[in-house]
Amino acid sequence: MKKIIILSLLCFLFLQSFSQPNPRIEPPFWWTGMKVPDLQLLVYADNIASTAPRLVYPGVKLLKVNKTDNPDYLFLDLQISNEARAGVFRIDFQRDEDVSYSYEYELKERSPGSSERQGFGPDDVIVLLMPDRFANGNPDNDDMPGMLEKADRQNPDGRHGGDLKGISDHLGYLNDMGFTAIWINPVLENNNPKYSYHGYAITDFYKLDPRIGTNEEYGKLVADCHKKNMGVIMDMVFNHCGHMHWWMQNLPSEDWVHQWPEFTRTNYRAPVNSDPHASEYDYRRMQDGWFDTSMPDLNQKNEFVANYLIQNSIWWIEYAGLDGIRMDTYPYSDQEFMARWIMRIMKEYPNFNVVGEAWLQKEAITSYYAGSESERFGYNSFLPSVTDFPLHFAMQKAFHEDESWTEGMARLYYVLAQDFLYDDPLTNVIFADNHDLSRFYSLMGEDFDKYKMGMVFLMTTRGIPMVYYGTEILMTGEENMGHGYIREDFPGGWQGDKINAFTGEGMDEKQAEAQEFLSLLQNWRKDKEVLHSGKLLHFVPESGIYVYFRTNDEEVIMVVLNNNNRERKMPLPERFDECLNGKRKAYEVITQTEIEDIKDIFLPPKSAMILEIK
Ligand code: CA
């Protein structure tokens with residue numbers, strides 16, 4: 001009898017040592033061989049702060065245990081030296097003599113060359129996909145257990161069922177179109193009761209939304225893209241989380257998010273960050289106000305929040321093998337922190353690229369957010385790339401306005417003439433539309449000629465072109481009708497769709513022509529180094545004709561935009577001889593015709609020409 005009792009007791013003790021509840025730990029695992037040895041773990045469990053964490057693993061030191069005003073959290077500062085090998089170690093959280101919680105922490109081996117990865121750049125054409133709206137490759141994940149919002153394709157603001165499988169099923173299409181990088185709107189869990197499809201109210205920073213896919217599928221999609229020489233840009237949000245985020249029920253500390261006596265919205269006036277006349281009141285509203293009732297404002301001045309976000313971005317780069325990040329609402333986050341974040345990313349991945357969404361009206365304010373060699377305005381973001389909204393706003397109007405001193409083609413001219421504001425304007429991400437803006441074809445009044453002018457300009461001026469899904473098949477939608485209307489389902493992405501833009505079935509002639517037009521331009525642009533890194537030289541628009549050149553040592557490309565509603569003769573080539581050097585022969589890219597003498601060209605009304613000068 002005594003024996004049995006002892007045996008049972010041993011058995012119980014044995015089992016107990018392996019059956020401690022696990023705390024939530026984020027990041028859930030990490031890597032060896034990172035350039036920065038520091039790692040800070042967020043640990044969440046009931047009364048965890050009353051325990052003492054212990055770990056024993058060669059090369060890993062527990063430097064410091066940080067407590068906050070909430071006893072359910074600990075932040076552990078680890079140091080992972082170069083001697084640490086990949087493997088698993090246990091972190092025990094002891095209270096008195098007992099182990100209250102335990103976690104098997106894994107250090108993975110960093111993949112070779114990870115640090116040297118080349119981020120996206122001016123040699124890319126990016127396609128922006130909204131995963132819920134592009135293609136539904138897996139109808140089984142449209143509704144998932146535990147996910148509050150169910151699919152409803154009839155609701156423009158509801159979930160429509162698109163997913164990663166839908167994207168991976170159509171990589172061939174995207175590749176054929178000439179896209180070389182895919183920016184996918186946020187894919188992380190958004191477990192909100194409604195309006196969850198857009199992905200910008202994240203409820204778990206380490207987990208894909210199961211209706212979009214799994215973490216493993218996301219990693220696989222990136223790997224599949226790489227096989228086709230396409231990169232993936234992850235859409236990240238540091239400014240806010242979703243109000244249904246798990247930590248909103250029990251914040252790690254009182255100042256984890258910005259608290260207001262009553263709900264206070266940001267004023268959405270990003271210029272206050274750089275405005276020398278700004279009031280403290282406006283600045284606080286801009287920085288600390290909530291983006292929306294469903295989007296609490298994260299406090300990046302809190303060191304633990306800052307570390308959490310920085311590590312989260314590195315975790316995804318390393319885990320999924322990313323080629324770039326698009327940072328949402330860039331000016332709304334603490335600017336000192338954002339600069340620190342970029343420096344840390346660049347330390348870990350010196351050739352990586354990050355584009356910050358700087359939704360601003362004016363060139364100077366946009367350039368404030370662009371990184372530079374030296375501090376220019378008492379501030380340096382170090383941000384390698386910004387979204388070029390001023391150029392977009394010019395494109396909204398330029399192609400369907402009558403010419404005047406400041407209108408029509410002059411709009412494009414004036415924006416580009418301010419490029420002295422940027423260290424490297426070639427890295428600006430340029431676009432005709434995106435998921436927050438009216439679709440370009442609608443902006444052009446559904447005029448196909450104006451649309452084509454816009455696309456030629458996008459593919460040949462300086463910058464990294466980005467194309468919103470569906471723009472290649474003339475999808476329409478006005479922003480003022482509601483966001484659902486500018487984010488409609490891509491035809492052919494759902495079983496039973498009458499129109500299938502992947503196969504061409506059911507498309508009208510113009511759609512097919514637009515698709516072919518853009519495919520031609522984008523595939524042509526791929527190998528045109530002169531468009532990636534060549535000099536841009538433009539001539540003052542005259543009589544509604546805008547002429548510019550892209551040149552390098554090997555090539556001269558001349559682009560001619562005739563914004564007139566009638567045919568015009570080509571301006572006298574002598575005016576452009578500093579680029580033409582007396583040459584008059586050319587190959588016209590769009591019509592694929594040889595031209596004996598460019599001076600004989602007639603420019604059709606509302607047209608664009610791309611001339612490879614011979
Ligand atoms: Ca689905």
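Me: Hi! Is C225 buried or exposed?
Reply: C225 is buried in this predicted model, with a relative accessibility of 0%.

Me: And what about C241, buried or exposed?
Reply: C241 is buried too, and its relative accessible area is 0%.

Me: OK, how many disulfides does the structure have?
Reply: The count comes to zero disulfides.

Me: Let's switch to the calcium ion. Which residues are its protein donors?
Reply: The donors are N136 through OD1, N138 through O, N141 through OD1, D142 through OD, G161 through O and D163 through OD. They lie 2.3 to 2.5 Å from the ion.

Me: How are those donors spaced along the chain?
Reply: The spacing reads N-x1-N-x2-N-D-x18-G-x1-D. Within that set, N141 and G161 link distant parts of the chain, as they are 20 residues apart. N141 and G161 both sit in the loop between helix 2 (131-134) and helix 3 (164-169).

Me: Are N141 and G161 buried or exposed?
Reply: N141 is buried, with a relative accessible area of 5%. G161 counts as buried as well, at 4% relative accessibility.

Me: Why is the arrangement around the calcium ion irregular?
Reply: It comes down to the angles: the six donor atoms subtend 66 to 166°, which makes the arrangement irregular. For comparison, ideal angles for six octahedral donors are 90 or 180 degrees.

Me: Good to know. New topic: how many aromatic pairs are there?
Reply: A search of the whole structure finds 58 aromatic pairs. One of them is F263 with W290, which is edge-to-face. The ring centres of F263 and W290 are 6.2 Å apart, with 85° between the planes.

Me: Where do F263 and W290 lie?
Reply: F263 lies in the loop between strand 13 (231-236) and helix 6 (280-288), while W290 lies in the loop between helix 6 and helix 7 (303-320). The pair therefore ties together parts that are 27 residues apart in sequence.

Me: Buried or partly exposed, those two?
Reply: F263 counts as partly exposed at 39% relative accessibility, whereas W290 counts as buried at 15%.

Me: Which rings have a charged end sitting over them?
Reply: Among them is the ring of W246, with the charged end of R24 sitting over it, 4.1 Å from the ring centre. Another is the ring of F602, where the charged end of K569 sits 5.8 Å from the centre.

Me: Last one: what domains does the assignment give?
Reply: It gives domain 1 (17-111) and domain 2 (532-613). The C-alpha centres of domain 1 and domain 2 lie 63 Å apart.

Notes:
Residues numbered from 1 in each chain as written. Predicted model: local features only at pLDDT ≥ 70, side-chain atom pairs only at ≥ 80, totals over all residues. Heavy atoms only, no water. Donors = N, O, S within 2.8 Å, 3.2 Å for Na, K, Ca; no water. Tetrahedral: all angles 85-135°; square planar, octahedral: opposite > 155°, others 65-115°. Helix = DSSP H or I, 4+ residues; strand = E, 2+ residues; numbered from the N terminus. Buried < 20%, exposed > 50% of the residue type's maximum accessible area, 1.4 Å probe, protein only. Phe/Tyr/Trp six-rings, centres within 6.5 Å; stacked < 30°, edge-to-face > 60°. Lys NZ or Arg CZ within 6 Å of the ring centre and 35° of its normal. Domains from an automatic or database assignment. Disulfide = S-S within 2.5 Å.
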